[in-house]
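Hello,

Here is the structure I promised to hand over. Please open it first, then read my notes below.

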Amino acid sequence: TYSQVNQEIRQIQLVNLFFIIGLLSNALFTYFNYTHGFIAMAYSQIGIILLITLSILYFRKTQNYTISSNLVLGMMFLTHLGLTLEGGINTTGLYWVHIFPAAAYFLKGTRVGTQWVIAIFLMMLSLFFAHTLNLIALPYDPISLLIVMITFAVNATLISGLFAPVNAWLC
């Protein structure tokens, strides 16, 4: 039907959009991280750029939206993990997590998007407890981590509530 075709076109556009944004932002931050002395983060972002490029080629060949959208979110998840562990430029890496819920809900829908949001929240919670128990050292104080987790939860809740009406309007 027309609505299914419209949904498929929107999904293809979203995956391509996220791939392009991922390529450009990782290329830009590879340069910034390298010039600011975050060599390990710069090299990991080069790896992410290579994964994005391979994912684009896979998506163009197969049009497999499910796997491609999971690759996008997986790469975002790993990037956020690296940014939380390393800190990023001027310890701003942690704050990029607020982009994740919008990507998860628009790429995967409410049910699976919520699963992705819970997964990244649990990762942040695990890092918070490991840091407060002195099992790992993070470049953030525990209060900053806690505030980011609370604002992330509020942000994700608001976006999930807005997702259904916006998604219905787009389709």
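Tyrosine 34 sits in helix 1 (residues 2-35). Helices here are DSSP runs of H or I with at least four residues, numbered from the N terminus. Tyrosine 34 counts as partly exposed because its relative accessible area is 48%. The cut-offs are these: buried means under 20% relative accessible area, exposed means over 50%, and partly exposed lies in between, with a 1.4 Å probe and protein chains only.

A word on the source: this is a predicted model, where local features need pLDDT of at least 70, side-chain atom pairs count only at pLDDT 80 or more, and totals for chains, interfaces and linings use all residues. Residues are numbered from 1 along each chain as its sequence is written, and side-chain values use heavy atoms, with hydrogens and water left out.

The surface patch

Tyr34 also belongs to a nonpolar patch on the surface, together with Ile39, Tyr43, Ile46 and Leu50. Their accessible area together is about 510 Å² (Shrake-Rupley method, 1.4 Å probe; for residues, only the protein chains shown count as cover). Patch residues have over 30% relative accessible area and no salt bridge; nonpolar side chains (Val, Leu, Ile, Met, Phe, Trp, Tyr) are joined within 5 Å, like charges within 9 Å. A salt bridge is a side-chain nitrogen of Lys or Arg within 4 Å of a carboxyl oxygen of Asp or Glu. Which helix gives the most to the patch? Helix 2 (residues 39-62) does, with four residues.

Isoleucine 52 is in helix 2. Its relative accessible area is 5%, so isoleucine 52 is buried. Valine 72 is 20 residues away along the chain, yet the two C-alpha atoms are separated by 7.7 Å.

Leucine 145 is in helix 5 (residues 142-170). Leucine 145 is buried, because its relative accessible area is 5%. From leucine 145 to phenylalanine 129 is 16 residues in sequence and 10.0 Å in space, C-alpha to C-alpha.

Two loop residues

Look next at glutamine 63, in the loop between helix 2 and helix 3. Its phi is near 55°, a positive value in a residue other than glycine. Glutamine 63 is partly exposed, at 38% relative accessible area. Glutamate 8 is 55 residues from glutamine 63 in sequence, and 9.9 Å from it in space, C-alpha to C-alpha.

Threonine 91 lies in the loop between helix 3 and helix 4. Its phi is also positive, near 50°. Threonine 91 is partly exposed, with a relative accessible area of 34%.

Best wishes
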